[in-house]
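Work through the following exercises with the sequence and the model side by side. Try each task before reading its solution.

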Amino acid sequence: MPSLKDVKMKIVGVRKTKQITKAMNMVASAKLRGAQSRIERFRPYAEKFQAVLGDLAAKSDGSAHALLERRAECHVSVIILATSDRGLCGGFNAMLIAKALDAARTKTAEGKNVK
């Protein structure tokens, strides 16, 4: 049976682990906020880039590149999901996976094959 001193040391260790985990969570939240703000600042450039590429694709004939060929209907949808492997990202990954599964269900309901 553990002594009183062992139990007290275990309690102290759990408290310190809790404190470290809380600090790591705060750092991860700050990094996520920073990444979100950088993405939001980049959005106007991405929209303009998409508009320019759309104009170029519309002006070219389909033989320029296989990806520019017009197809009557899309039969297969492919979802590529990239999750994070950094610390304290379980909730973030779970949200990404849930969104991907939701998108797959939507495409399946439309009658498309999802990979």
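The exercises below concern a predicted model and go from the whole chain to single residues.

**Exercise 1. The whole chain**

Task: State which secondary structure elements the protein chain has and in what order they come, then decide whether the chain is spread out or compact.

Solution. Step 1: the protein chain has two helices and two strands. Step 2: read along the sequence, these elements follow the pattern α-β-α-β. Step 3: the radius of gyration of the protein chain is 24 Å, whereas the globule rule gives 13 Å for 115 residues, so the chain is more spread out than a compact globule. Step 4: the C-alpha trace spans about 80 × 35 × 20 Å along its principal axes. Step 5: buried residues make up 4% of the 115 residues. Step 6: take the contacts between residues at least 6 apart in sequence; 51% of these join residues at least 24 apart.

**Exercise 2. An aromatic pair**

Task: Find how many aromatic pairs the model has, and classify the geometry of the rings of Phe 42 and Tyr 45.

Solution. Step 1: the count comes to one aromatic pair. Step 2: the ring centres of Phe 42 and Tyr 45 are 6.2 Å apart and the ring planes stand at 35°, so the pair is tilted. Step 3: both residues lie in helix α1, three residues apart, about one turn of the helix. Step 4: Phe 42 has 52% relative accessibility and therefore counts as exposed. Step 5: Tyr 45 counts as exposed too, because its relative accessibility is 60%.

**Exercise 3. Ser 77 and Lys 107**

Task: Describe the surroundings of Ser 77 and of Lys 107, and say whether each residue is buried, partly exposed or exposed.

Solution. Step 1: Ser 77 lies in strand β1, which covers residues 76–77. Step 2: Ser 77 counts as buried because its relative accessibility is 11%, and the cut-off for buried is under 20%. Step 3: leaving aside neighbours within four places in sequence, Ser 77 is in contact with Lys 107, Lys 112, Asn 113, Val 114 and Lys 115. Step 4: Lys 107 is found in helix α2. Step 5: Lys 107 has 30% relative accessibility and so counts as partly exposed. Step 6: with neighbours within four places in sequence again left aside, Lys 107 is in contact with Ser 77, Lys 112 and Val 114. Step 7: the C-alpha atoms of Lys 107 and Val 76 are separated by 9.2 Å, while the two residues are 31 residues apart along the chain.

**Exercise 4. Asn 93**

Solution. Step 2: Asn 93 is buried because its relative accessible area is 14%.

**Exercise 5. The largest pocket**

Task: Describe the space in the largest pocket and the residues that line it.

Solution. Step 1: the largest pocket holds about 390 Å³ of space. Step 2: its lining has 14 residues, of which Ala 28, Arg 86, Gly 87, Leu 88 and Cys 89 lie nearest the centre. Step 3: the elements that give two or more residues to this lining are α1 (4–59) and α2 (90–109). Step 4: α1 gives the most, with seven residues. Step 5: the lining divides into seven nonpolar, five polar and two charged residues.

Conventions:
Residues are numbered from 1 along each chain as its sequence is written. This is a predicted model: local features need pLDDT of at least 70, side-chain atom pairs count only at pLDDT 80 or more; totals for chains, interfaces and linings use all residues. Side-chain values use heavy atoms; hydrogens and water are left out. On a 1 Å grid over the protein atoms alone, a cavity is a set of points where a 1.4 Å probe fits but cannot get out, and a pocket is an open set with protein on both sides within 12 Å along at least five of seven lines; lining residues have an atom within 4 Å of a point. Grid points are joined across faces, edges and corners, and a volume is the space filled by probe spheres set on the points. Helices (H or I, at least four residues) and strands (E, at least two) are DSSP runs, numbered from the N terminus. Ala, Val, Leu, Ile, Met, Phe, Trp, Tyr, Cys and Pro count as nonpolar, Asp, Glu, Lys and Arg as charged, and the others, Gly among them, as polar. Buried means under 20% relative accessible area, exposed over 50%, partly exposed in between (1.4 Å probe, protein chains only). Contact means heavy atoms within 4.5 Å. Rings of Phe, Tyr and Trp (its six-membered ring) pair if their centres lie within 6.5 Å; planes under 30 degrees apart count as stacked, over 60 as edge-to-face and the rest as tilted. The radius of gyration is taken over C-alpha atoms; the globule rule is 2.2 Å times the number of residues to the power 0.38.
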